[in-house]
Amino acid sequence: MRIGVLGAGAWGTALAISLGTNTRSSHQVTLWTRDPVHLAELVSQRANRRYFPGFSLPPSLQLTSVLDVAIEAADLVLIVVPVAGLRETLRGIAACGKGVPVVWGCKGFEAESAALPHQVAQEEYGGVAPCGVLSGPSFAQEVAQGLPTALTLASHDEEFSRSIAAQLHTARLRIYSSRDVAGVETGGAVKNVISIAAGISDGMGFGHNARAALITRGLAEITRLGLKLGGCMETFMGLAGAGDLILTCTGDLSRNRRVGLLLAAGHSLPDILRELGHTAEGVHTASAVLRLSQTLKIEMPITQAVCSVLHDGVPARLAVEALLNREPKAETY
Ligand SMILES: NC(=O)c1ccc[n+]([C@@H]2O[C@H](COP(=O)([O-])OP(=O)(O)OC[C@H]3O[C@@H](n4cnc5c(N)ncnc54)[C@H](O)[C@@H]3O)[C@@H](O)[C@H]2O)c1
Ligand SMILES: O=P(O)(O)OC[C@H](O)CO
């Protein structure tokens, strides 16, 4: 298959390396960056030192900064820009007029609209071609190293998700298909918020028990919101739910977890984001999720606490104390 990967950050580059060096099938991969200067670096260094140092780009990988070139050369487009760039990227693909099938790998809610990626896609690309989302526990570095990873590809078009999952599937990148787009996207988005909370807790030295409690009650928040948004219970127990939540709350490769660790150490959010140099979707998604939870009247205390630290200047210790001092209640979802 000919695959256009749009977005040459960590995840786009890792997917391009993994799919481009896949020995079982013969994918021809083109990686697109919007920045011509970045393209020149990629071409001359055959590596992405800016976003993904330590990995060589496979010789067969094509590189471009012209969107139409990446799309024209593709049977499938993978959009791997942050959620904030999804709408603009979809508009660019639509303007190309090819009607190419699209799968996105971004995880979050759009900050201003609080829309999930598939809702943005419906507005910008609805009815043009089959679409889906790729999500699940997947640190870019491990995927690029060829370490075993399992993902979920969800689409409302069941035939599309099965077919694309089968074509992208390898022994090292196992891809399961699903119809639950809203569930898969909600799991991938909210886990980033809970991961910031886990980072804060670990950074303050609260220990393994507290982290396990945050993961479990975080899963309850994901499930509550996800069910309201039309997701299925089993999705939240699967790769794109509990799987990704556990990975991101416990794995030190997580950028969202790192945001929490640095907040606990007393760093300011602008300094943290500058030092990170990468997308941490949980930062913007937290506010969108909080607004949604208030509109939908869903209790999401961990999300609320994370928002208060990120955006209201509440010290991490006070936010954690407020969480701990909540009234006792029955353990429900
Ligand atoms: N890094 C991972 O391990 C990983 C794994 C799974 C999913 N994701 C998700 O993938 C998405 C991208 O993450 P990343 O790790 O590649 O981020 P990153 O910060 O490493 O790179 C983001 C890339 O997108 C580009 N970009 C930003 N806005 C753009 C726009 N409007 N149009 C075109 N390009 C734009 C940037 O220039 C950069 O190249 C996020 O939603 C993230 O949650 C990341
Ligand atoms: O580094 P993070 O926190 O954006 O997490 C990366 C992936 O989403 C993990 O599945």
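Over residues 180-320 the chain is 78% helix and 0% strand, and the end C-alpha atoms lie 33 Å apart. This is a predicted model, in which local features need pLDDT of at least 70 and side-chain atom pairs count only at pLDDT 80 or more, while totals for chains, interfaces and linings use all residues. Residues are numbered from 1 along each chain as its sequence is written, and chains are lettered from A and ligands numbered from 1 in the order in which they are written.

Next, select ligand 1 and the 26 residues that surround it, of which G9, W11, G85, C106 and A140 are the closest; a residue counts as near if its C-beta atom, placed from the backbone, lies within 6 Å of the molecule. Colour the helices α1 (10-20) and α4 (86-96), each of which supplies at least two residues of this shell, with α1 giving the largest share, 3 residues. Helices (H or I, at least four residues) and strands (E, at least two) are DSSP runs numbered from the N terminus.

Finally, show the whole chain, which has 16 helices and 10 strands and whose C-alpha trace spans about 55 × 40 × 35 Å along its principal axes. Buried residues (20 or more other C-beta atoms, placed from the backbone, within 10 Å of their own) make up 51% of the 333 residues in the chain.

Technical notes: Buried ≥ 20, exposed ≤ 12 C-beta atoms within 10 Å, placed from the backbone.
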